[in-house]
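Here is a short briefing on one structure.

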Amino acid sequence: MTATFAAYPEGSADAGVPTDVAEQAVRTLEALRSAQPCLWIRPARHRGDPGSAQTGFRAAWVEQAQARFQRFAPLLAELAPETAASGGIIESPLLRAAQMQAALHLPTRMGTLYIKADHGLAVAGSIKARGGIHEVLEFAETLALREQRLRPGDDYRVLNTPAVRACSARHRVAVGSTGNLGMSIGIAAALLGFQAEVHMSADAKAWKKARLRAHGVKVIEHAGDYAQAVAAGRAAAQADPLTHFVDDERSASLFAGYAAAADPLCAQLRQAGVRVDAAHPLFVYLPCGVGGAPGGIAYGLKQRLGEHVHCFFAEPVQSPCFFVGMMAQDGLLPGLPALPSVYDIGLRNRTEADGLAVPSASELALAEMATRLAGVYTVTDERLFADLHRLYASEGLRIEPSAAAGFSGPQMLCGTPAGQAYLRERGLLAHMPQSTHLAWTTGGSLVPPDEFDAFLSRGKSSAAALRAP
């Protein structure tokens with residue numbers, strides 16, 4: 001059941017927070033604590049505020065990331081045969097999803113559904129191929145230039161010569177992960193000849209660990225959650241000057257790699273005849289864990305499309321770390337830490353969406369989304385599995401549960417009082433027939449067949465249960 005906010009208690013506003021905003025925050029927090037699906041729309045007083053986040057992140061770094069992907073393309077085509085057909089460019093298709101739109105009961109008067117199919121990205125099979133591979137490439141480039149094994153203007157395939165690979169083998173690339181980022185970093189680092197070390201949380205799936213080990217990656221398992229795996233990996237790297245630690249919570253290189261997705265998507269939209277302007281709004285729904293990947297993509301899209309793109313993050317009901325982080329950022333969670341965790345509001349951070357099982361959001365992503373994010377919503381595991389099943393039945397696409405989080409976005413926006421209020425406030429209701437809804441899938445093409453069959457079985461049961469009165 002989706003939470004609605006029809007009646008609010010009196011006198012709940014804090015100093016400096018409008019009463020209506022504080023009242024809605026009280027109801028939203030109640031819904032979060034009871035693990036009900038709900039949508040939180042960023043108060044209008046925050047959206048579009050002038051100024052920029054004080055993170056030091058620069059828009060120029062996104063353009064540099066795009067150029068770096070191009071420089072490395074010939075090398076990637078050589079190292080990863082699955083990228084040869086694209087010349088070493090790692091990109092996913094934009095898919096019209098008419099059958100899935102029908103399965104979701106999204107009427108055409110409310111817009112058209114597309115899918116950005118990052119679940120099929122080459123090398124890593126997930127959205128993490130963008131940011132994760134970019135950071136490995138940047139590290140490889142910086143190291144080779146510093147040691148004068150690469151010069152500006154060189155063919156980057158020189159990095160695959162025995163002399164350079166011998167140099168790379170002395171260095172280690174490490175990361176803490178629930179699964180997909182570890183796959184991206186570990187596989188890319190191993191391809192480039194680095195030692196690779198992935199600290200995996202208890203949420204990580206066994207098949208992801210096995211796949212990493214098959215690529216020669218050292219997997220270190222931890223009994224704790226994502227935050228503990230990251231902390232352990234960071235501490236181990238600090239003790240070794242030859243280890244580069246990829247910090248999912250703080251990395252500007254990861255963020256830039258994700259943001260580089262904006263230009264290719266804009267080109268794909270134009271090629272598909274999809275307009276994005278005041279009369280043709282674009283709504284993008286992004287599954288969110290710590291926030292780096294969806295944050296980077298939203299950053300890039302807002303840079304390119306401005307007020308005409310509306311980005312929403314989707315999180316499991318037990319792991320809404322960005323949701324609570326955004327509310328705290330707005331001063332709506334008094335008594336909690338400035339960067340709260342889901343544990344602080346009584347949730348367990350337990351979900352089958354392993355890539356989204358994160359207790360606290362990235363401060364970098366929170367800051368950069370301060371004036372760019374439209375809202376965040378939550379979704380149950382049952383809905384994730386149901387939409388996974390619907391997508392396979394309707395479009396034949398294989399995704400993992402976390403990648404299904406975007407598909408409940410159109411219903412949240414178009415079918416809840418909070419979503420309708422957002423559309424009305426922004427003057428968008430009249431333009432909905434010409435609007436585009438874009439669900440961003442984030443992982444799944446590498447899921448073993450037996451695992452996916454189990455997903456489908458549970459998804460069929462979940463879909464039937466959700467249809468029941």
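How much space lies in the largest cavity? The answer is about 220 Å³. The model is predicted. A search of the whole structure finds 4 cavities of 30 Å³ or more.

**Largest cavity**

- The lining comprises 22 residues.
- Closest to the centre of this cavity are Ile 127, Lys 128, Gly 289, Gly 355 and Leu 356.
- Two elements, H6 and helix H11 (292-305), each give two or more residues to the lining.
- H11 gives the most, with 3 residues.
- By class, the lining holds 10 nonpolar, 10 polar and 2 charged residues.
- Where does the largest cavity lie relative to domain 1 and domain 2? It lies between them, because both domains give residues to its lining.
- Domain 1 covers 19-57 + 90-124 + 253-466, and domain 2 covers 127-250.

**Second largest cavity**

- The volume of the second largest cavity is about 70 Å³.
- Its lining is made up of Ala 140, Leu 143, Ala 144, Glu 147, Arg 149, Leu 159, Val 164, Cys 167, Ser 168, Leu 192 and Phe 194.
- Helix H4 (128-146) and helix H5 (162-168) are the elements that give two or more residues to this lining.
- Here the classes divide into 8 nonpolar, 1 polar and 2 charged residues.

**Sheet**

- Four strands form an open sheet in the order E6-E5-E4-E7. The pairing is parallel.
- Which strands sit at the edges? They are strand E6 (218-221) and strand E7 (243-246), and each pairs on one side only.
- On average, neighbouring strands of this sheet are turned by 20° against each other, direction ignored.
- Strand E4 (residues 172-177) pairs with strand E5 (residues 195-200) over 6 bridges, in the parallel sense.
- Within this pair, Arg 172 has Gln 195 in E5 as its bridge partner.

**Helices on the sheet**

- Helix H6 (residues 180-191) packs on the sheet and touches E4, E5 and E7. The direction of H6 makes about 170° with that of E4.
- Helix H7 (residues 206-214) also packs on the sheet, touching E5 and E6. The direction of H7 makes about 150° with that of E6.

Conventions
Residues numbered from 1 in each chain as written. Predicted model: local features only at pLDDT ≥ 70, side-chain atom pairs only at ≥ 80, totals over all residues. Heavy atoms only, no water. Pairing = 2+ DSSP bridges. Axes fitted to C-alpha atoms, helices over the stretch in contact; angles between N-to-C directions. Contact = heavy atoms within 4.5 Å. 1 Å grid on protein atoms, 1.4 Å probe; cavity = no way out; pocket = protein on both sides within 12 Å on 5 of 7 lines; lining within 4 Å. Points joined across faces, edges and corners; volume = space filled by probe spheres on them. Nonpolar A, V, L, I, M, F, W, Y, C, P; charged D, E, K, R; others polar. Domains from an automatic or database assignment.
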